[in-house]
Number of protein chains: 2
Amino acid sequence: MIADHLGLSAAAVSRVLNGAPAAKSIPKPTQDRILAAAKQFNYRPNVLARSLRRGHSMTVGVLLPEVSEGYATLVLAGVEQALLQAGYVFYLVSHHHQAERVENAQTMFVERFVDGIVAIDTVLARHTELPTITVSCPDEQEGMTNIVLNHRRAAELAIDHLSGLGHREIAFIKGQAFSSDTEPRWQAIRHAASRAGITVDPLLVASLEGDSPTHEPGYFAAQRLLASGSSFTALFTFNDVSAIGAIRALREAGLRVPQDVSVVGFDDVQSAAFQNPGLTTVRQPLKTMGMLAAETLVQRIAAPPEHPAPKQLVIDPEFVVRESTCPPAPRRKT
Amino acid sequence: MIADHLGLSAAAVSRVLNGAPAAKSIPKPTQDRILAAAKQFNYRPNVLARSLRRGHSMTVGVLLPEVSEGYATLVLAGVEQALLQAGYVFYLVSHHHQAERVENAQTMFVERFVDGIVAIDTVLARHTELPTITVSCPDEQEGMTNIVLNHRRAAELAIDHLSGLGHREIAFIKGQAFSSDTEPRWQAIRHAASRAGITVDPLLVASLEGDSPTHEPGYFAAQRLLASGSSFTALFTFNDVSAIGAIRALREAGLRVPQDVSVVGFDDVQSAAFQNPGLTTVRQPLKTMGMLAAETLVQRIAAPPEHPAPKQLVIDPEFVVRESTCPPAPRRKT
DNA sequence: CGCCTTTGGGCAAACCTTTGCCTAAACCGA
DNA sequence: TCGGTTTAGGCAAAGGTTTGCCCAAAGGCG
């Protein structure tokens, strides 16, 4: 269209606008005319046509469990920032931990020629040819890089903190089975506990149930722990929202946090610092992990890795002490 | 490709697969062959090519302030669900309330041939030809529909609740200037207050400052209110996260909520019910608003509205009483 | 047998760029 | 003057669908 106006061919225009090497055979004045006309008409190449021809779309697909949930959206914030910076845009789709939705999303992604995939807390439905980076996903598929937390370290931080305060009777709330972090973190906790000489009472282990991403599962899990009859002076939950839900259950049962029960959360979501009491928690640098994922992905898109892609990028957690933990009361039964 | 395999033309394949009217001149057996082959090869038409030809992309652009923030992502959840149901996918971009980022996003949207735009709590940078639905946006551009809360009703619910409990000295935390709801809601509050015979002490009005979407602005705003020297028995904040931040500031100042100060939030985000104390708040049906926005948009994409599009869809709030409000103490100065 | 109508589907343009290959003119040196 | 090189950009294919228009063969009717 701009070519017609100048009496040139579309080829020339394309070359100049893209700074193609072949453009060096086009004299400066002509180039300037093209540039000027492009500016004048506010010309934008049709991205669809370009993608069709070039075979890539400058788009990536992002998968997460819930679109409105603290954990994944904090990762997403990092992903977005890094992606934008690199000139990519993304499709977002949530799957609510349903395999079918993941599957559909994956086919949608290939249909629409995304250049890569970022999957947050997601188990992929099948192997994909597309460059893929996962955040907190369990399976190690061929050639895909996984950004994971150092669970070992995370568990030690929490257990050593509680153990250092004098707690021996510690209750746990595990994650849902579908959550990728649940198993590795639980392994790490068992390991850290035994290292600290703490035995894990099976009666003091509850799991989050249901697929609600809200506080309720933690609330009910804590109620089950209280009903189990075993006493405990501390509680370590799978994440912060569960912790908040659990604290409510504890309080409703007449227990004070932290005087009667210390509570340690996980993630350090934005609201953790503003809880009452402020939540002691294991901080995951979620935004950083998201940025790392996106950066790794665009790198991989630009240049496929030489031989075997690095399988894992391990991120270290921090521990944040606030008000929800203290030494156990000298004597008290739940 | 599938055409070659069957010795047919791409045209025939296209017509059959799309159930085009012209397909009726193709006999059943041939149609079956095409369908079978498509299934066998798991054939997916190239969406890029199709969009290029058809002139629409089955994609919409979604704009919001922050990707990890309770309010907008709850709306987003509704948008996503309705969009998915209608077969659309979306680009997500956050703008952090920066006009330039909104502008860039808008040009990106037209470059990529989105079929429409959903803008959540966003002031658009310029007029757009694209079908656009906004949620909680102030400006009434030609032909664009805005989903808004019934601020009048919302303010009355909160003010009448506090006034009914006996509160007369009420402090307020207004939203940031860039937030679309700030002005209309404030107008509504003044109106409701005067209707209830309550005078608004200018010293008892603070505004959220800074563009952080977290609890801090509310925390600092509450501190400024406390420092103002005027006493108050109740506080009505712009949203729940501010309320949570404010509660922390109050508590740090030695005030108990609700015994010394009642607090009413706004939105009813997921964590509101699990705060300590549980937050009394004005509930916006955010997910519903998101769904409504998306449904209205796809409708408008399918069939441009007859003449003048309805300008506004007004949604009614609910009031949720929890534990952060109670009658004021008989006598107490802050 | 000749004409008309279905039947069955092909042709090619259009959507818009990108890119490998090519060429016509000009210029330059011998 | 002639051959070679550079200049300046054009040609056309390719990427995969969609769709308006067209046509050939077959069948039906008079």
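## Exercises: a helix crossing and a DNA strand

α7(B) passes α8(B) in a right-handed crossing (right-handed: the near helix is turned clockwise from the far one by less than a right angle). This is a predicted model, where local features need pLDDT of at least 70, side-chain atom pairs count only at pLDDT 80 or more, and totals for chains, interfaces and linings use all residues. Residues are numbered from 1 along each chain as its sequence is written, and side-chain values use heavy atoms, without hydrogens and water.

**Exercise 1.** Classify the angle between α7(B) and α8(B).

*Solution.* 
- Take the helices: residues 151–165 and residues 182–195 of chain B.
- Compare their axes: they come within 8 Å and cross at roughly 45°.
- Apply the classes: under 35 degrees is roughly parallel, over 145 roughly antiparallel, 65 to 115 roughly perpendicular, the rest oblique.
- The two helices are therefore oblique to each other.

**Exercise 2.** Describe the residues of the contact of α7(B) with α8(B).

*Solution.* 
- Contact means heavy atoms within 4.5 Å.
- From α7(B), the residues include B:Ala155 and B:Ile159; from α8(B), they include B:Ala188 and B:Ala192.
- The contact residues divide into seven nonpolar, two polar and five charged.

**Exercise 3.** Find side chains that reach phosphate oxygens of DNA strand D.

*Solution.* 
- α2(B) gives the largest share, five residues.
- Now read the distances from a polar side-chain atom to a phosphate oxygen: 2.7 Å for B:Ser14, 2.6 Å for B:Tyr43 and 2.5 Å for B:Arg50.

Key:
Chains are lettered from A and ligands numbered from 1 in the order in which they are written. A polar contact is a pair of N or O atoms within 3.5 Å; within protein, one must be able to donate a hydrogen and the other to accept it, and residues adjacent in sequence count only if both atoms are side-chain atoms. Helices (H or I, at least four residues) and strands (E, at least two) are DSSP runs, numbered from the N terminus. Axes are lines fitted to C-alpha atoms, for helices over the stretch in contact, and angles run from 0 to 180 degrees between N-to-C directions. Ala, Val, Leu, Ile, Met, Phe, Trp, Tyr, Cys and Pro count as nonpolar, Asp, Glu, Lys and Arg as charged, and the others, Gly among them, as polar.
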